[in-house]
Amino acid sequence: MTTPVKPEPTVGPRRPLPPGAWDTHAHVFGPFERFPLRPGASYSPPLAPYESYTGMLDAAGQSHGVLVHAGAYGHDYAALLDALARAGGRLRGVAVSDVSAGDADLAALAAAGVDGLRLTEIVAGQSMPPMPGRVGFDALVGLASRVKALGWHALIWATSANFAA
């Protein structure tokens, strides 16, 4: 794993964004001494803590953002939940969970600001092998009614080939 590099300051857009603009997909990483990556993570992300993300939102003129749980954390939601708690409602979250999660676990995520689950069938344009922190389409069947009951959405990351008839 490489030494994290401090994020560059964000520069705002040339044209202002409309009032109420949202960033719809981002991840937070670190600080790694507080939120360590999953041992054996398949990638080493750069340092991108809560402060950098909210600074980017401010510089870009975005009022809200959606943080998606990152696979490099496996099923440890600590970094995501910390960011949601600190944001005071400015951020919403998308978790990664399989059918083994209990209803109380999903309800706790909802109470913390999570509004959806991520399902992944690709990475860098390739089909993905099973790995901690990734939940594939096969889990949707077992989770669909629970996701619906919570009023959540499913964030699906796939290629069009995954949907071919």
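Q: Is D82 buried or exposed?
A: D82 counts as buried, at 15% relative accessibility. Keep in mind that this is a predicted model.

Q: And which residue does the D82 side chain meet in a salt bridge?
A: That would be R86, with an N to O distance of 3.4 Å. Both residues sit in helix α2, four residues apart, which is about one turn of the helix.

Q: Why would residues at that kind of spacing point the same way?
A: An α-helix has 3.6 residues a turn, so residues three or four places apart point the same way.

Q: What about R86 and E51, what do their side chains do?
A: They meet in a salt bridge too, at 2.4 Å from N to O. This pair links distant parts of the chain, since R86 is in helix α2 and E51 is in helix α1, 35 residues apart.

Q: How accessible are R86 and E51?
A: R86 is partly exposed, with a relative accessible area of 39%. E51 is partly exposed as well, at 44%.

Q: How many salt bridges does the structure hold?
A: Six. Among them is the one between R146 and D103, where the closest N and O atoms are 2.8 Å apart.

Q: Buried or exposed, for R146 and D103?
A: R146 counts as buried at 17% relative accessibility, whereas D103 is exposed, with a relative accessible area of 56%.

Q: OK, switching to helix α1. Which of its residues are buried?
A: Y50, Y53, T54, L57 and A60 are buried in α1.

Q: Where do they fall when you look down the axis of α1?
A: The buried residues fall within an arc of 130 degrees, so they line one face of the helix.

Q: And what do the buried residues of α1 pack against?
A: They pack against β1, β2, α2 and β3.

Q: Which residue follows α1?
A: G61 follows α1, and its phi is positive, near 80 degrees.

Q: Now the aromatics. How many aromatic pairs are there?
A: The structure holds two. One of them is F29 with Y43, an edge-to-face pair with 6.4 Å from centre to centre and 90 degrees between the planes.

Q: What does the F29 and Y43 pair tie together?
A: Both residues lie in the loop between β1 (22–26) and α1 (50–60), so the pair ties together parts that are 14 residues apart in sequence. F29 counts as buried, at 7% relative accessibility, while Y43 is partly exposed, with a relative accessible area of 34%.

Q: What about the rings of F29 and Y73, how do they sit?
A: Their centres are 6.0 Å apart and their planes are at 20 degrees, which falls under the 30 degrees cut-off, so the pair is stacked.

Q: Which parts does the F29 and Y73 pair tie together?
A: F29 is in the loop between β1 and α1, and Y73 is in the loop between β2 (64–68) and α2 (78–86), so the pair ties together parts that are 44 residues apart in sequence. Y73 is buried, with a relative accessible area of 5%.

Q: Which residues form the aromatic cluster, then?
A: F29, Y43 and Y73 form one cluster.

Q: What else does F29 touch?
A: Leaving out residues up to four places away in sequence, its contacts include L37, P45, P46, L47, A48, P49, A70 and A72.

Q: And the largest nonpolar core, how many residues has it?
A: It has 35 residues, and those with the most contacts inside it are F29, L67, Y73 and L91. The elements that give two or more residues to this core are α1, α2, β3 (91–95), α3 (103–112), β4 (114–120) and α4 (138–150).

Q: Which element gives the most to this core?
A: α2 does, with four residues.

Terms used
Residues numbered from 1 in each chain as written. Predicted model: local features only at pLDDT ≥ 70, side-chain atom pairs only at ≥ 80, totals over all residues. Heavy atoms only, no water. Phe/Tyr/Trp six-rings, centres within 6.5 Å; stacked < 30°, edge-to-face > 60°. Buried < 20%, exposed > 50% of the residue type's maximum accessible area, 1.4 Å probe, protein only. Core = buried A, V, L, I, M, F, W, Y, C linked by side-chain atoms within 4.5 Å. Contact = heavy atoms within 4.5 Å. Salt bridge = Lys/Arg side-chain N within 4 Å of Asp/Glu carboxyl O. Arc of directions from axis to C-beta.
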